[in-house]
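The following note is intended for a colleague who is meeting this structure for the first time. Its points pass from the whole chain to single residues.

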Amino acid sequence: MPALFIGHGSPMNTLDDNAFTRSWRALGRMLPRPRAILCVSAHWYFGATAITAMPRPRTIHDFYGFPEPLFEFDYPAPGDPDLAGEIVEMVKPDWVGLDRDQWGLDHGTWSVLAHLYPEADVPVLQLSLNALRPLQYHLDLARKLATLRRMGVLVLGSGNVVHNLRMLDWQRPDMGYDWARRFDEAAMRQLAEDPAAVLTLADHPDHAKAVPTPDHFIPLLYLAGMAAEEGLPVDPLLQGYSMGGISMTSYGIGVEPSSLEATPEEVGGAARVPQAVPAVETNT
């Protein structure tokens with residue numbers, strides 16, 4: 001199976017028809033059907049490493065202030081407790097807890113899968129981001145998860161390479177600040193040339209603005225780690241920006257970018273965060 005990182009942007013992309021969501025749908029149509037999907041979402045960021053292990057994960061609406069249709073959205077994909085157990089064994093001696101009743105599928109997962117697999121008929125698991133561990137931990141864990149590709153599992157990282165909600169410009173929906181573009185393009189070069197060294201991006205002069213908190217950046221490390229394990233470059237699938245401080249850039253390994261309706265050249269039209277919504281890290 002391929003592996004993906006999708007820049008998910010605003011939760012409103014779930015309901016929106018734009019260049020990004022149309023490309024996500026085109027990508028879903030050309031992907032082979034997976035045994036299951038393991039999603040590493042920016043929005044399950046807490047002090048442990050866990051994986052959902054319930055047969056029917058609930059749809060979590062982990063935000064506030066958005067329009068009611070977004071709260072009514074449901075993504076009723078099944079889980080796969082057996083696969084969760086296989087993953088726990090696969091990554092030992094690293095510890096991963098089986099979450100049988102607490103989490104579910106958050107909007108980092110379903111806002112993208114609503115377009116990739118709109119029928120919600122592929123089993124979905126989520127892997128948490130352990131906020132107490134250093135970035136190298138995530139890169140190392142990703143190397144162990146590379147085996148999943150050969151098991152027919154699609155690994156999907158969902159976040160944003162650049163994610164600074166406190167500097168959004170609501171009046172310029174397709175704009176990227178100069179610092180956001182510089183960091184985004186540096187990440188693109190690094191992933192193409194040497195994904196194993198992706199953590200050198202922490203030394204980039206624009207890192208502090210582009211990644212004020214690590215939660216939306218860490219999912220990218222799971223794609224980089226798998227690519228490093230297999231000696232593969234990471235290909236850009238889409239590039240674009242939203243409201244200055246959000247990069248919508250997406251990547252893949254084992255995917256042909258020309259199969260998408262959009263190209264790696266810059267596109268626009270991503271759904272915005274509604275202006276009345278508090279743009280804080282815990283909300284979007």
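1. The model under discussion is a predicted one.

2. As to the overall fold, the protein contains nine helices and 10 strands. Its radius of gyration is 17 Å, close to the 19 Å that the globule rule gives for 284 residues, so the protein is as compact as a globular protein of that length. The C-alpha trace spans about 45 × 45 × 35 Å along the principal axes.

3. Of the 284 residues, 62% are buried. Among contacts between residues at least 6 apart in sequence, 83% join residues at least 24 apart.

4. The protein carries 21 positive and 35 negative side chains. The centres of these two sets lie 2 Å apart.

5. Helix H7 comprises residues 178–193 and reaches 23 Å from its first C-alpha to its last, close to the 22 Å expected. Its buried residues include Trp179, Phe183, Met188 and Leu191. Which elements cover the buried residues of H7? Among them are helix H8 (207–210), helix H9 (218–230) and strands E7 (235–238), E8 (241–242), E9 (246–247) and E10 (250–253).

6. Leu98 belongs to strand E4 (residues 97–99). Its relative accessibility is 33%, so Leu98 counts as partly exposed, the class between under 20% and over 50%. Beyond its neighbours within four places in sequence, Leu98 is in contact with Ile51, Ala53, Ala84, Gly85 and Val88. By contrast, Gly231 is 133 residues from Leu98 in sequence and 30 Å from it in space, C-alpha to C-alpha.

7. The loop between helix H3 (81–90) and E4 holds Pro93. The peptide bond joining Lys92 and Pro93 is cis, with omega about 15 degrees.

8. Two residues with positive phi deserve a reader's attention. Ala120 has a phi of about 55 degrees although it is not a glycine, and at 7% relative accessibility Ala120 counts as buried. Met243, also not a glycine, has a phi of about 60 degrees. Met243 lies in the loop between E8 and E9. Is Met243 buried or exposed? With a relative accessible area of 0%, Met243 is buried.

Terms used
Residues are numbered from 1 along each chain as its sequence is written. This is a predicted model: local features need pLDDT of at least 70, side-chain atom pairs count only at pLDDT 80 or more; totals for chains, interfaces and linings use all residues. Side-chain values use heavy atoms; hydrogens and water are left out. Helices (H or I, at least four residues) and strands (E, at least two) are DSSP runs, numbered from the N terminus. The radius of gyration is taken over C-alpha atoms; the globule rule is 2.2 Å times the number of residues to the power 0.38. Buried means under 20% relative accessible area, exposed over 50%, partly exposed in between (1.4 Å probe, protein chains only). Contact means heavy atoms within 4.5 Å. Lys and Arg count as positive and Asp and Glu as negative; His and the chain ends are not counted. The place of a charge is taken as NZ of Lys, CZ of Arg, CG of Asp or CD of Glu. The expected span of a helix is 1.5 Å times one less than its number of residues.
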